[in-house]
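Work through the exercises below with the sequence and the model side by side. Each task is followed by a solution in steps.

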Amino acid sequence: MTTIKEVADLAGVSIATVSRFLNNPDLVSNKTRQKVEKVITQTKFVPSTSAKSLRSGKTGLIIVVIPRIGDAFYDGIIQSISKQAKTKGYNILVKEALFSSFELDDYLAMINSKQADGIILCVSLPQKVRDAIKSYHGTPIVMACEANDDFPLPNVRIDNFLAAKEATDYLIQLGHQRIAYISGYDNSSADKQREAGFSQAMMEAGLSEKKLIIRGGSTLEDARTATEELLKSPIKPTASFCGNDEMAIGVLHELKANNIQVPDDMSVIGFDNIRYAEMTTPTLTTISQPNRDIGTLTMDILSEIIDGLDKSNHTEVLAHKLIIRQSTSTPRVS
């Protein structure tokens, strides 16, 4: 393996010049840069990332924490974060935060050990973690899609309250009065805002007594359990609003298994507009989040913080959009 000294000798320059070329090429003259580039290409020299890390005090790594590996919504966020990170000289490491097992020590170890130059959280911090790091000023953290009111961190998201209210208002405008809200991930601040938006819309329409709230999740089994509760409810909803598309797709599947026609017998609306939403039968009405824009902007903000800018109270609220497809219609019986 070629060393930096060998590159310097072959190029006829000092080791310091090669190092300067690798870290700040704009500080090297065009003539010298061409000589060093030619030798690096011929020898296939690969700089030592560990040595570079020791010199710069940076790891070149960004940790991205998502609720669950395989969740279609977060795929787009991860891809956009990764793409933007590379333009800034970073690689990403994705961690799964299963709420039942991702404990306090895991968070604190990740933050305190300087495993990475920055952390992007696509999950809400559990209360015990917020309490533990309120006075901590170590590894920069930016939140994507989520926000903690009592422990503000820089964040990029949509207005989940407003988006859920718009989705519920749409169902009410269609003529639905008995509407169920099936929640998404537990402990998610975004989902709590969606539930609040749903409840506000029902209250403003004078339909609070006709609403049904079901604690859901994100898996097919969660959807099965939620659908069973939906069908057994004495309220007998004519529409269900799900806190995420994966739950909504699961509900569509379970309703079909129970011979419930969508949208004739029940309208279904989701949240996120994942790529499968327009492939279901019927196609899924949903709230679209700009997940790729969220990922790109989150990485931009984190990079600025790493470079020393103060973004401690920075919030970016992006636009959502109601996407109307085949899974919603006027109720057969109001």
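The exercises go from the whole chain to single residues.

This is a predicted model, in which local features need pLDDT of at least 70 and side-chain atom pairs count only at pLDDT 80 or more, while totals for chains, interfaces and linings use all residues. Residues are numbered from 1 along each chain as its sequence is written, and side-chain values use heavy atoms, with hydrogens and water left out.

**Exercise 1. The whole protein**

Task: State how many helices and strands the protein has, and what percentage of its residues count as buried.

Solution. Step 1: the protein has twelve helices and twelve strands; helices (H or I, at least four residues) and strands (E, at least two) are DSSP runs, numbered from the N terminus. Step 2: 50% of the 334 residues count as buried; buried means under 20% relative accessible area, exposed over 50%, and partly exposed in between, with a 1.4 Å probe and protein chains only. Step 3: among contacts (heavy atoms within 4.5 Å) between residues at least 6 apart in sequence, 72% join residues at least 24 apart.

**Exercise 2. The six-stranded sheet**

Task: Give the strand order of the open sheet of six strands and find which strands stand at its edges.

Solution. Step 1: the order is β2-β1-β3-β4-β5-β11, and the pairing is parallel; two strands pair if DSSP finds at least two bridges between them. Step 2: β2 (91-96) and β11 (315-318) are the edge strands; each has a single partner strand, so one side of each lacks a neighbour in the sheet. Step 3: on average, neighbouring strands are turned by 20° against each other, direction ignored. Axes are lines fitted to C-alpha atoms, for helices over the stretch in contact, and angles run from 0 to 180 degrees between N-to-C directions. Step 4: β1 and β2 pair in the parallel sense over six bridges, and Ile66 stands opposite Glu96 in β2. Step 5: α12 packs on the sheet, touching β1, β3 (118-121), β4, β5 (155-158) and β11, and its direction makes about 170° with that of β4.

**Exercise 3. The largest nonpolar core**

Task: Find which residues have the most contacts inside the largest nonpolar core and which element gives the largest share.

Solution. Step 1: a nonpolar core is a set of buried Ala, Val, Leu, Ile, Met, Phe, Trp, Tyr and Cys residues joined through side-chain atoms within 4.5 Å. The largest one has 26 residues, and Ile62, Ile77, Ile120 and Cys122 have the most contacts inside it. Step 2: β1 (61-66), α5 (72-87), β4 (141-144) and α12 (291-306) each give two or more residues to this core. Step 3: α5 supplies the largest share, seven residues. Step 4: not counting residues up to four places away in sequence, Ile77 touches Cys122, Cys145, Asn291, Ile294 and Gly295. Step 5: a second, separate core of 20 residues includes Phe198, Met202, Leu207 and Phe241.

**Exercise 4. Helix α11**

Solution. Step 2: the buried residues of α11 include Met247, Val251 and Leu255. Step 4: at the start of α11, a side-chain oxygen of Asn244 comes within 3.3 Å of the backbone nitrogen of Glu246. Step 5: Asn259, with a positive phi near 60°, follows α11.

**Exercise 5. Backbone exceptions**

Task: Locate the cis peptide bond between Val262 and Pro263, and decide whether Cys145 is buried or exposed.

Solution. Step 1: the cis bond joining Val262 and Pro263 has an omega of about 10°, and Pro263 is in the loop between α11 and β9. Step 2: another cis bond joins Thr281 and Pro282, with omega about -5°; Pro282 lies in the loop between β9 and β10. Step 3: Cys145, in the loop between β4 and β5, has a positive phi of about 80° although it is not a glycine. Its relative accessible area is 4%, so Cys145 is buried.

Notes. A polar contact is a pair of N or O atoms within 3.5 Å; within protein, one must be able to donate a hydrogen and the other to accept it, and residues adjacent in sequence count only if both atoms are side-chain atoms.
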